[in-house]
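Please take me through this model in the viewer, telling me at each stop what to select and what is to be found there.

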Amino acid sequence: MNTEIAVELLKELQRTTEQLPKYDQSLVQKVIEETNRKQEQLHEMVKQKKYEDTISKTKLHILNYMIERNEQILTSYHLERGKKLIEMRWDFGSVIPNQIRENITQNEESFHHEYCQILEDYMNSLDLDLTQDHQPPSNDLYIEVRVLKDYGQIFIDGGQSIVELKKNSRLFLRRVDAENLIREGVLEHIISN
Amino acid sequence: MDFFGNFLDPQSILAQSELVPVKLLIDLPQLSQFNSILSSQSDSLFEIDFTETETETETETTEMSKIYFDSTKQKSPKIYLPLWIAIPLHQQKAVQIQMPYNFSNTFHSIWKSDSTSIKLQKIKRHFYTTGAILAQIFNDENLIDSMSQMLIKRFLKISDLADEPKIEQKDLITSQVTTDREEFIDNLDWLEQSLFQIGKQNSKQYQIWKNRASHKIQQSNVSVKTLKRFRIN
């Protein structure tokens, strides 16, 4: 049975049913320590000039492959987590729910914040909200929605009106005003056939 | 020669952990020491199979692993290495990768004739990826051809199962069908499981379209998985 402790990081990401599992600081630390140990062994062999015979050369190569393998896995782990954070911005908005905030590191939070900022700047330059319309929109400017939870008051019509969102009430709202709240799970889009 | 495609793709990385048998081309008399230097803190990197050796007259164990080797035997033990180390060593001619028994010509006729009953996950989690790499190394077109035909036959069954709704209520007759279905799905290779998941999503999207609800705005996956709601006044 081959045992690469780094591979467990990727398996954790695959196994999880949550949006983003908790950052495994202890396992990442173990992988880094293992890589550093291999690095020291490599340097020691090079320093003592133990690379003249075939066996020593092979050992050096193998140590090098192990170091590269760990680096590859660590990079892939952090990249996958970064991709999930980006996906969350498009799927849910710029606010990170508390349950997910507990699972991410400070670096990841600042990455998410910077990404949101870049996206906002880009959308402002185009004067377009690119995160709207995840499904092809119908011709309806207004849609019927049901309120799933008491949410309080919101601004609609570009900030000109206020509407109260009470549980189980049905409203006609502009699609652009309702879409984000539907995606957050506050409203439900009702289709009448 | 690029064997694994995307360098940072998690599935490619996991596929590289699959073990293949190798033959040593260089002399490694201190195999156990060699292994103890290279292994991580838990078990050994290499898996050494001693089923082919007869009686062991001398054994040597490392503190970290359960490796034994018989220094008096001329026949060298069979060694299994993960692909990520076997391929570069093979290219440097330090080891020679050997065709695993499960991918040999013996099995090709079984793959073609009885494709849907084979439990691929028990052979290799990344069966097709490993097979494709072995075919590249050994220049074996027959292997590619056999795997392709097997995948086509299995794909027909996978796409049928993906379209079927899951049977919730079981009676004496259908419970058997459901068990077979579940068993087949549980034993798919990762590529086939991805195809199955895509098939299920497509089936769901088709139903939504059929119900004239494809323009319905869906709740995001994040909010579905996150149960708490905010209350703002």
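Select residues 140-191 of chain A, where the chain is 19% helix and 48% strand and the end C-alpha atoms are 11 Å apart; helices (H or I, at least four residues) and strands (E, at least two) are DSSP runs, numbered from the N terminus. UniProt, in an unreviewed entry, gives this stretch the feature "domain: DNA replication complex GINS protein PSF1 C-terminal", with positions in the numbering used here, a shortened feature name, and the caution that annotations may be inferred rather than shown by experiment.

This is a predicted model, in which local features need pLDDT of at least 70 and side-chain atom pairs count only at pLDDT 80 or more, whereas totals for chains, interfaces and linings use all residues. Residues are numbered from 1 along each chain as its sequence is written, chains are lettered from A and ligands numbered from 1 in the order in which they are written, and side-chain values use heavy atoms, with hydrogens and water left out.

Next, select residues 34-126 of chain A, which the unreviewed UniProt entry annotates as "domain: GINS subunit"; here the chain is 84% helix and 0% strand, and the end C-alpha atoms are 48 Å apart.

Within that selection, go to A:Ser56, which lies in helix H3 (residues 54-92) of chain A. A:Ser56 counts as buried because its relative accessibility is 12%, buried meaning under 20% relative accessible area, exposed over 50% and partly exposed in between (1.4 Å probe, protein chains only). Showing heavy atoms within 4.5 Å, the cut-off for contact, brings up A:Met45, A:Lys50 and A:Tyr51, leaving aside residues up to four places away in sequence.
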